[in-house]
Amino acid sequence: MKKIEDNNTLAFIVDVKVNKPQIKQAVKELYDTDVAKASTLIRPDGEKAYVRLAPDYNALDAANKIGII
């Protein structure tokens, strides 16, 4: 929740085979938002993607639309 509010960032669990441009494209298509940056973190249980939205989009609104909060 803190990352959503402070950094305008959403977190997703993604497939290990997916790269950053594919993550950006998927978020853009699925949620109609522009992505400023995508970062990935490979963990033993899978890969996590942190997606920072463009400044003109609000991550809280996107999370609410998705159903996270």
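Two strands are said to pair if DSSP finds at least two bridges between them, and in this protein β2 and β3 pair in the antiparallel sense over eight bridges. The model is predicted, so that local features need pLDDT of at least 70 and side-chain atom pairs count only at pLDDT 80 or more, while totals for chains, interfaces and linings use all residues. Residues are numbered from 1 along each chain as its sequence is written, and side-chain values use heavy atoms, with hydrogens and water left out.

**Overall fold**

- The secondary structure comes to three helices and three strands, where helices (H or I, at least four residues) and strands (E, at least two) are DSSP runs numbered from the N terminus.
- Read from the N terminus on, the elements follow the order α-β-α-β-β-α.
- The radius of gyration, taken over C-alpha atoms, is 11 Å, close to the 11 Å that the globule rule (2.2 Å times the number of residues to the power 0.38) gives for 69 residues, so the protein is as compact as a globular protein of that length.
- Buried residues, meaning those under 20% relative accessible area with a 1.4 Å probe and protein chains only, make up 29% of the 69 residues.
- Among contacts (heavy atoms within 4.5 Å) between residues at least 6 apart in sequence, 52% join residues at least 24 apart.

- Just after α2, D32 takes a positive phi of about 55°.
- T33 lies in the loop between α2 and β2, and this residue is buried, with a relative accessible area of 8%.
- Leaving aside neighbours within four places in sequence, T33 is in contact with V27, K28, L53 and Y57.

- β2 and β3 form a hairpin with two residues between them, and the bridge partner of V35 in β3 is L53.
- V27 touches F12, D32, T33, V35 and V51, not counting residues up to four places away in sequence.

Notes: Buried < 20%, exposed > 50% of the residue type's maximum accessible area, 1.4 Å probe, protein only.
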